[in-house]
Amino acid sequence: MNPQNDLSEYLLRLADSALVQGQRLCEWCGRAPALEEEMALMNVGLDLVGQARNWYEYAAELLADGRDADRLAYRRDERAYRNLLLVEQPNGDYAVTMAKQFLYDVWHFHTLAALTGSADARVTGIAAKALKEVTYHLRRSAEWVQRLGDGTEESHRRMVAAVRELWRFTVELVHADQVEERLHRAGIAPNPEELATAWRAKVADVFSSAGLAMPEPASHFYLSGKRGLHTEHLGLLLAEMQFLQRAYPDATW
């Protein structure tokens, strides 16, 4: 396998996951439970969209097929997306949104932290910049998991239900495929075992402080966002997100 092809594939995974999660957060605009929360959610969402652009731009250079960052984001079909299944799940109530954000943030933080030591200088630079933002994202989402999990009887019930609903999708966060294994051996991507261990340890620590039981590790799931096999939710999200580019391709303002 061509290492450059592996890297462009990996960059799309990072970019697609950040973009889709950012899009989900922006769906709370005008609907958040408090004005401060709406502003915080939009800021996190915009951070993720900006990070996605940086990964897309590097991927576009490696692919060298005429597509730029915007085309990669808005002109691909569902099966071409490589985002984690977790991030495409609907927002649900606020417990679901924050549980999903937390599980993703833990993976995102440790992935970026490892990528700051990548053998690829461009990857290192993008990761280092993004890590500053994601450090805040993780602190915020962890605090919400603790607040809801160790709050009222109702908030605890909702957080337990959220974790139960989302947990099966965490299998992608702790199980690497051949692309990730090859990039690790090349010194570009994180060590999959170390990443999985760090993710489980952080999640277990926050869950313990929130009064939440740590579920058994998620088993194999028949879908895989890394291979373009998504749940029914991604197509609906893309239909909305891509509408303008699809309706008016190459439009300028």
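Colleague: Which helix is Phe 243 found in?

Modeller: Helix H12, residues 243-247; helices here are DSSP runs of H or I with at least four residues, numbered from the N terminus. This is a predicted model, where local features need pLDDT of at least 70, side-chain atom pairs count only at pLDDT 80 or more, and totals for chains, interfaces and linings use all residues. Residues are numbered from 1 along each chain as its sequence is written, and side-chain values use heavy atoms, with hydrogens and water left out.

Colleague: Is Phe 243 buried or exposed?

Modeller: Exposed, at 54% relative accessibility. The classes are buried under 20% relative accessible area, exposed over 50% and partly exposed in between, using a 1.4 Å probe and protein chains only.

Colleague: What does Phe 243 form on the surface with Leu 244 and Tyr 248?

Modeller: A nonpolar patch, with about 350 Å² of accessible area for the three together.

Colleague: OK, new topic. How many aromatic pairs does a search of the whole structure find?

Modeller: Eight. Rings of Phe, Tyr and Trp (its six-membered ring) pair if their centres lie within 6.5 Å; planes under 30 degrees apart are stacked, over 60 edge-to-face, and the rest tilted. One of the pairs is Tyr 94 with Trp 144, edge-to-face at 5.3 Å centre to centre and 80° between the planes.

Colleague: Where do Tyr 94 and Trp 144 sit in the chain?

Modeller: Tyr 94 is in helix H5 (residues 94-115) and Trp 144 in helix H6 (residues 121-149), so the pair links distant parts of the chain, 50 residues apart. Both Tyr 94 and Trp 144 are buried.

Colleague: And why is the pair of Trp 167 and Trp 199 tilted?

Modeller: Because the planes are at 40°, with the ring centres 5.6 Å apart. Trp 167 lies in the loop between helix H7 (153-166) and helix H8 (171-174), while Trp 199 is in helix H10 (residues 192-209), so this pair ties together parts 32 residues apart in sequence. Trp 167 is buried at 8% relative accessible area, and Trp 199 is buried at 2%.

Colleague: Which residues do ring pairs link into a cluster?

Modeller: Phe 102, Trp 167, Trp 199 and Phe 207.

Colleague: Back to Trp 144: which charged end sits over its ring?

Modeller: That of Arg 147, 4.4 Å from the ring centre. The cut-offs are NZ of Lys or CZ of Arg within 6 Å of the ring centre and within 35 degrees of the ring normal. Arg 76 also has its charged end over a ring, that of Tyr 81, at 4.3 Å from the centre.

Key:
Patch = residues over 30% accessible without salt bridge, like charges linked within 9 Å, V, L, I, M, F, W, Y side chains within 5 Å. Areas by Shrake-Rupley, 256 points an atom, 1.4 Å probe, with all protein chains shown as cover. Salt bridge = Lys/Arg side-chain N within 4 Å of Asp/Glu carboxyl O. Helix = DSSP H or I, 4+ residues; strand = E, 2+ residues; numbered from the N terminus.
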